[in-house]
Amino acid sequence: MPKLKIALIDNHNERANVLKRSLTDHDFNIVACLTIDHLNKFRLEDLHADILLFNMDHPHQHIIENCVSQFDLPIVLFTQNSHKETIRNAVDAGVTTYIVDGIDPNKLATILTITIEQFKKQQKLKNDLKEIKTKLIDRKDIEKAKVLLMQLHQLSEDAAFQLLRKNAMSHRITMGEMSRRLLDAQELLHAHHI
């Protein structure tokens, strides 16, 4: 298995370089070693990092949120800050694993493995939730479109459904999308007549 590519982000340049040397000596692949000040100037996607490793005295929620929104990678945060609110804010911002302790290179491989597995689980849950929400929206829009077709063309519920399905298939789109197009067109026609 290829080595994980780690982007190391610290809020102290000297400490970051010491940590990078230590991790490199322990056979970790550090593809970037950045201070928080340089984070906005650097494009982590160019590194193709697999994981972000933060070492911060005082975790900054906006910095973490910015990284999460830009890079969508698992994040391990090492800090000495054990305040409950700080932990909650970091997790809310997208930290996958929060460690209140120094970085021990002998334990890091296990921590990274756990972090990546946790991240995969979170991603699956997010994708499942998104899929369920989409299905619910589609179902509501299909019901509205069926009612509209039944009213406009005096169709039965089954006939309205079959007409929607036939048109969706012929346009190679989902029934939800076909329903939204029909509802949008009706709304546009209705607005034009007002």
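Helices (H or I, at least four residues) and strands (E, at least two) are DSSP runs, numbered from the N terminus. The structure is a predicted model, in which local features need pLDDT of at least 70 and side-chain atom pairs count only at pLDDT 80 or more, whereas totals for chains, interfaces and linings use all residues. Residues are numbered from 1 along each chain as its sequence is written, and side-chain values use heavy atoms, with hydrogens and water left out.

Helix α1 covers residues 13–25 and includes K20. With a relative accessible area of 32%, K20 is partly exposed; buried denotes under 20% relative accessible area, exposed over 50%, and partly exposed the range in between (1.4 Å probe, protein chains only). Apart from neighbours within four places in sequence, K20 is in contact with L8, I30 and C33, contact being defined as heavy atoms within 4.5 Å. The C-alpha atoms of K20 and V31 are 9.7 Å apart in space, and the two residues are separated by 11 residues in sequence.

In helix α3, the buried residues are I63, I64, C67 and F71. Viewed down the axis of α3, these buried residues fall within an arc of 95° and so line one face of the helix, where the arc is that of the directions from the helix axis to the C-beta atoms. The exposed residues H62 and S69 are carried on the face of α3 turned away from the buried side. Just after α3, D72 adopts a positive phi of about 50°.

Helix α3 (residues 61–71) also packs with helix α4 (residues 84–93): their axes come within 8 Å and cross at roughly 20°. Axes are lines fitted to C-alpha atoms, for helices over the stretch in contact, and angles run from 0 to 180 degrees between N-to-C directions. The two helices, α3 and α4, are therefore roughly parallel to each other; angles under 35 degrees count as roughly parallel, over 145 as roughly antiparallel, 65 to 115 as roughly perpendicular and the rest as oblique. The crossing of α3 past α4 is right-handed, a crossing being left-handed if the near helix is turned anticlockwise from the far one by less than a right angle, and right-handed if clockwise. Residues Q61, I64, E65 and V68 of α3 meet N89, A90, D92 and A93 of α4.

T96 is placed in the loop between α4 and β5 (97–100). T96 counts as buried, at 12% relative accessibility. Beyond its neighbours within four places in sequence, T96 is in contact with P74, I75, T115, Q118, F119 and Q122.

Helix α6 (residues 157–171) contains 15 residues and reaches 21 Å from its first C-alpha to its last, close to the 21 Å expected at 1.5 Å a residue; the expected span is 1.5 Å times one less than the number of residues. Within α6, A160, L164 and A168 are buried. Down the axis of α6, the buried residues fall within an arc of 70°, so they line one face of the helix. D158, K166, M169 and S170 are exposed on the other side of α6. Just after α6, R172 has a positive phi of about 55°.

Helix α5 (residues 105–153) packs with α6 at an angle of about 115°, the axes lying 9 Å apart. This makes α5 roughly perpendicular to α6, and their crossing is right-handed. The contact involves I142, E143, A145, K146, L149 and M150 of α5, together with E157, A160, F161, L163 and L164 of α6.

S179 belongs to helix α7 (residues 175–193) and is buried, with a relative accessible area of 0%. Excluding neighbours within four places in sequence, S179 is in contact with D141, I142, A145 and L164.
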